[in-house]
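I am opening a notebook on a structure I have not looked at before. The entries below follow the order in which I looked things up.

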Amino acid sequence: MKSNKGISTMIAVIGMVVLLVAGLGIGYVMNSGTTDVSGDLYPEDSEWRTESINLAGSTTVLPVADSAALAFMNMYSGVTVTVQGGGSGTGYASALDGTVDIGMGSRGPKQSEIDSGDLWLHPLALDAVCVVVNPSVGSNIELTLEEVAMIFAGEYTNWNQVDSSLPDAEIYVVVRESGSGTRGTFEEYTIDEYDLEIDSTMVHEQPSNPAVRTAVKDTPNSIGYVGFGFLTNDIVAVSLAAEEGSAYVPATLENIQNGLYPISRLLYFITGSPIESGSLADRFISFVLSEDGQDIVEDEGFLRLPPSYNYP
């Protein structure tokens, strides 16, 4: 049983540096940022100002990319930035085969994706996958990662099997569809960690974070998981402990930022080759990494990259 799944901001930053080095050896590269755009109208170039790019992938990244695209097109009326979802699997596949200019991912690449071609990862925000329950389960729920894994694997089927103080009611389990980056991150930190498997006949799949949130909100005794930016007051975020005996950590901005919340992650833009300096893709990613772009990240409920990451 591991106890170090809470990736601290500092560890994440160190990890980025390590991944930059490691990625060069195994087929992908972690980009540390692009050029500075703050308040700059790019007087040195102009070709990109009438061009178009398209993005596809993670539905977690989607609202950030959507809002950033609108803001960017308002700044530069001649450009077109088209954004669509599809999941992180689509984001990686589309970046690899070149059907999009920029993929979007809410998880790191799988080995099969690394083996399929060159990948360049451009971190844009910090996030956490938050375990949530319907309010009928309780207003202050605390679970270890192992208990979460056992619930989603069907080892626990009634809430009072988890804790006698919880309702004597069957657990209704909501998960994301296969290929979802949110599902991949969740299973990496829970199911995979305890060598368990999700029984597909016992869970209820939903195609997006908002759909999971709605299913949990509307279904008594349910449990699911969503990205931090999708938490609302009509569902209950579970406090998580990395292992039995560890402190239960609420899903708060502060706890994610300082690395205490056990299921934290980076969100990425993905390209199949290095970004060409001065291209529209370069300018758009640079905008998202700028102060204005990171404000959009925060407005959408996610965490800006830490200053020590050295983004512009």
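Entry on D195. The model is a predicted one, and I read every value here as computed from it. D195 has a positive phi of about 55 degrees, although the residue is not a glycine. Is D195 buried or exposed? I noted a relative accessible area of 72% for D195, so it counts as exposed, the cut-off being over 50%.

Entry on N221. I then turned to another residue with a positive phi that is not glycine: for N221 the angle is near 65 degrees. N221 sits in the loop between α8 (209-218) and β9 (222-227). Is N221 buried or exposed? Its relative accessibility is 16%, so N221 counts as buried, since the limit for that class is under 20%.

I went back to α7 and β8 and asked what they make together with β7. Helix α7 covers residues 181-189, and with β7 and β8 it forms a β-α-β unit that is right-handed. Strand β7 spans residues 172-176 and strand β8 spans residues 203-206. The two strands run parallel, and I found 4 bridges joining them. Which residue of β8 is the bridge partner of R176? I wrote down Q206.

Entry on a pair of helices. I next looked up helix α10, residues 280-289, and helix α11, residues 291-299. Their axes come within 4 Å and cross at roughly 65 degrees. On the α10 side the contact is made by F287, V288 and L289. On the α11 side I listed E291, D292, G293, Q294 and I296. Sorted by class, the contact of α10 with α11 has 4 nonpolar residues, 2 polar ones and 2 charged ones.

Entry on the whole protein. I left the overall figures for last. How many helices and strands are there in the protein? I noted 11 helices and 12 strands. The protein has 312 residues, and 53% of them count as buried; N221 counts as buried, whereas D195 is exposed.

Definitions and conventions. Residues are numbered from 1 along each chain as its sequence is written. This is a predicted model: local features need pLDDT of at least 70, side-chain atom pairs count only at pLDDT 80 or more; totals for chains, interfaces and linings use all residues. Side-chain values use heavy atoms; hydrogens and water are left out. Buried means under 20% relative accessible area, exposed over 50%, partly exposed in between (1.4 Å probe, protein chains only). Axes are lines fitted to C-alpha atoms, for helices over the stretch in contact, and angles run from 0 to 180 degrees between N-to-C directions. Contact means heavy atoms within 4.5 Å. Ala, Val, Leu, Ile, Met, Phe, Trp, Tyr, Cys and Pro count as nonpolar, Asp, Glu, Lys and Arg as charged, and the others, Gly among them, as polar. Two strands pair if DSSP finds at least two bridges between them. A crossover is right-handed if, with the strands pointing away from the viewer, the path from the first strand over the helix to the second runs clockwise.
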